[in-house]
Amino acid sequence: MKIMKVARRAGWGVADSGFSSLTNFALGVLVARTVSAREFGAFGLVFAAYLFVLGFSRSLNTGPLVVRFSGSPVEQWAAATRAAVGAAVTVGLVAGAGLVITGTVVGDPMGLGLIALGITLPGLLLQDSWRHVFFASDRGNQAFLNDFIWALVLFPVVGVMLALDEASVFAFMLAWGASATVAGLTGIAQSGIVPRIRHTRQWWSRHRDLGPRYLGEFIAVSGSNQLIMYGTGAVAGLGAAGGLRAGQILLGPFNIVFEGIWLFSVPMQVKVLKQRPDRMVPVSILLSGVLAVAALLCGTVIMLLPDAVGRELLGASWTIGREVVPPLTVGLVGLGLIMGATSGLR
């Protein structure tokens, strides 16, 4: 019975991440097929900025929420959720304002993309927070529904945009972020919890023993990937940055598995520690093994893709994208190997 329960949670995690990754994958493919290689490089840098702020928010807000309050009484859980999600919106407002200001200085095409991201960043972080909230409270089906709503809004909007020949980095980012905002607001109705921005300072103060450490971990592991994207753009140009982003998009199927398992693994490990602490190490080893093998298989399949299929997906960005898949795969295998230990330590 317990095995079936874990399998159900994992199934919802993979299904939810599938929809979430589908929106990102579809967006990347559409941008690659409709804009120049230089504009696609600008898109890659804008998306890297989003991923960096997202990791920052998760480290300070939903990370401590999941670790400290999974399985807590309803009232305590609701109060913590209001504060943590409100703090995520605060990050979105502050960072979003900074991106808008930066975008006005940088100029087109990257600048306009940063402006679109800045405008919609509070909604993007709100939507992401609900995913962690729902999985930590054993409501993975609600997380799936929320991501489905995001995709349901995004695809028609993009269809209209393409029909009107309004394809640009700014338009794509605005459509993507606005549809996420709709899903984020829907999450308030799903959860019955209204975020409290005014509790941000109290939340960060109460969990200052965890947040900065999680932030350091993020910068060391994932944040460095975003810095590499900017370094590539600065040294080799926007075209090379676009190729690097193309390689990351190609490995999207693995990210579905990784995100899906990560969403439910930390809440599960919290419960394992409370109920069967002797099972912590075996569960951690199993998680690492599954993810490392999945990363290796995914990278191998992509490296074997025919050129015709790759060009159909990513256009001119396919050539460079394919070249960076092998080293990216090695990195993802390593990331998978440490994932079990990371969730266990948390």
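This is a predicted model: local features need pLDDT of at least 70, side-chain atom pairs count only at pLDDT 80 or more; totals for chains, interfaces and linings use all residues.
Biologist: Is leucine 93 buried, partly exposed or exposed?

Modeller: Leucine 93 belongs to helix 3. Its relative accessible area is 45%. Because buried means under 20% and exposed over 50%, leucine 93 is partly exposed.

Biologist: At which residue does helix 4 bend?

Modeller: Helix 4 (residues 110–136) has 27 residues and reaches 36 Å from its first C-alpha to its last, close to the 39 Å expected. The helix bends by about 55 degrees, and proline 122 follows the bend within four residues. The bend is at threonine 120.

Biologist: How many residues of helix 4 are buried?

Modeller: Helix 4 is largely enclosed by the rest of the structure. Just after this helix, aspartate 138 takes a positive phi of about 60 degrees. Of the 27 residues of helix 4, the number buried is 25.

Biologist: What is the angle between the ring planes of phenylalanine 43 and phenylalanine 47?

Modeller: By the ring-pair rule, the count comes to eight aromatic pairs. One of them joins phenylalanine 43 and phenylalanine 47, with 5.9 Å centre to centre. Both residues are buried and lie in helix 2 (residues 37–69), four residues apart, about one turn of the helix. Their pair is tilted, and the angle between the planes is 40 degrees.

Biologist: Which helices hold tryptophan 150 and tryptophan 176?

Modeller: Tryptophan 150 and tryptophan 176 form a tilted aromatic pair, 5.7 Å centre to centre and 40 degrees between the planes. The pair links distant parts of the chain, 26 residues apart: tryptophan 150 is in helix 5 (residues 140–163) and tryptophan 176 in helix 6 (residues 169–191).

Biologist: Are tryptophan 150 and tryptophan 176 buried or exposed?

Modeller: Tryptophan 150 has a relative accessibility of 2%, and tryptophan 176 has a relative accessible area of 0%. Since buried means under 20% relative accessible area, tryptophan 150 and tryptophan 176 are buried.

Biologist: Which residues do ring pairs link into a cluster?

Modeller: Phenylalanine 43 pairs with phenylalanine 47, and tryptophan 150 pairs with tryptophan 176. The cluster linked by ring pairs also holds a tyrosine. Its members are Phe43, Phe47, Tyr50, Trp150 and Trp176.

Note on methods
Residues are numbered from 1 along each chain as its sequence is written. Side-chain values use heavy atoms; hydrogens and water are left out. Helices (H or I, at least four residues) and strands (E, at least two) are DSSP runs, numbered from the N terminus. Buried means under 20% relative accessible area, exposed over 50%, partly exposed in between (1.4 Å probe, protein chains only). Rings of Phe, Tyr and Trp (its six-membered ring) pair if their centres lie within 6.5 Å; planes under 30 degrees apart count as stacked, over 60 as edge-to-face and the rest as tilted. The expected span of a helix is 1.5 Å times one less than its number of residues. The bend at a residue is the angle between axes fitted to the seven residues ending there and the seven starting there.
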